[in-house]
Amino acid sequence: MIFVVTGPSGCGKSTLIREVRERLGDLAFSVSHTTRPPRPSERDGVDYRFIDEKAFRRMVRDGRFLEHAVVHGHLYGTSLAEVKAKGRRGDLVLDIDVQGARQVRRRVPGAVHVFIMPPVAAELRRRLIKRHEDSPEAVERRLQNARTEVKAWKEFDFVVVNDDLDRAVADLEAVVVASRRRVAAMAGAVKPVLASFRKGRP
Ligand code: ADP
Ligand code: 5GP
């Protein structure tokens with residue numbers, strides 16, 4: 001199953017995904033390609049695959065992305081190879097923007113879409129500044145884009161407000177656990193139970 005996690009930059013997506021993956025232990029993370037320069041704390045192949053624009057455009061031309069978009073002035077995309085390799089082993093979480101989420105909705109029926117909301121706009125600014133990873137210009141650009149992004153919240157299946165961190169982690173974990181119990185996802189588990197009822201007298 002694919003989980004799409006979307007929300008304005010700085011709302012806490014990476015933090016929530018990291019915590020929920022630690023708690024559950026069986027949720028893979030889709031490492032995106034991007035033309036954005038790495039932040040001081042980021043590692044190539046772990047947080048993103050950092051590539052130049054020419055290489056990115058070549059991948060687009062060759063149809064190697066499930067989805068891709070220009071976000072805050074840089075190119076970002078989820079490669080089909082990443083989804084195939086990691087999705088084969090189990091559930092996969094994508095941290096992508098609203099435009100990418102729309103493309104995934106069209107191409108992957110059954111994906112679960114979660115929107116992460118900051119508690120209030122001013123807190124988003126505080127978090128972006130506190131993170132110390134983006135220039136003041138980049139912070140302003142991200143805050144401007146957030147105004148548009150939050151309006152898309154109704155397109156999603158679930159909304160998590162990231163006010164108190166522990167509470168938000170528990171909410172996102174609950175979304176994953178509940179989604180895994182949807183009828184469409186339970187066929188494998190139910191099959192042997194049904195078979196046991198066909199084997200004569202219980
Ligand atoms: P995103 O991935 O959405 O851009 P991050 O996960 O990098 O956001 O979070 C941005 C900053 O906000 C980080 O410094 C993170 O530690 C902090 N943060 C995340 N969630 C909370 C929270 N609930 N309360 C306070 N700070 C938070
Ligand atoms: P950041 O530069 O803060 O890591 O990410 C900026 C925005 O790009 C975030 O909203 C993040 O979700 C989004 N993003 C990251 N990877 C992808 C991707 O592969 N595709 C799309 N469409 N957006 C992405």
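Trainee: What classes make up the shell around ligand 2?

Mentor: Ala, Val, Leu, Ile, Met, Phe, Trp, Tyr, Cys and Pro count as nonpolar, Asp, Glu, Lys and Arg as charged, and the others, Gly among them, as polar. Here the shell has 5 nonpolar, 7 polar and 7 charged residues. This is a predicted model, where local features need pLDDT of at least 70, side-chain atom pairs count only at pLDDT 80 or more, and totals for chains, interfaces and linings use all residues. Side-chain values use heavy atoms, with hydrogens and water left out; residues are numbered from 1 along each chain as its sequence is written, while chains are lettered from A and ligands numbered from 1 in the order in which they are written.

Trainee: Which residues come nearest to ligand 2?

Mentor: A residue is near if one of its heavy atoms lies within 4 Å. Of the 19 residues around ligand 2, the nearest are Ser 32, Arg 36, Tyr 48, Tyr 76 and Asp 95.

Trainee: Which polar side-chain atom lies 2.8 Å from a nitrogen atom of ligand 2?

Mentor: Look for N or O pairs within 3.5 Å. That one belongs to Glu 67. For oxygen atoms of ligand 2, a side-chain N or O atom of Ser 32 is at 2.6 Å, and a polar side-chain atom of Arg 36 is at 2.6 Å.

Note on methods: A polar contact is a pair of N or O atoms within 3.5 Å; within protein, one must be able to donate a hydrogen and the other to accept it, and residues adjacent in sequence count only if both atoms are side-chain atoms.
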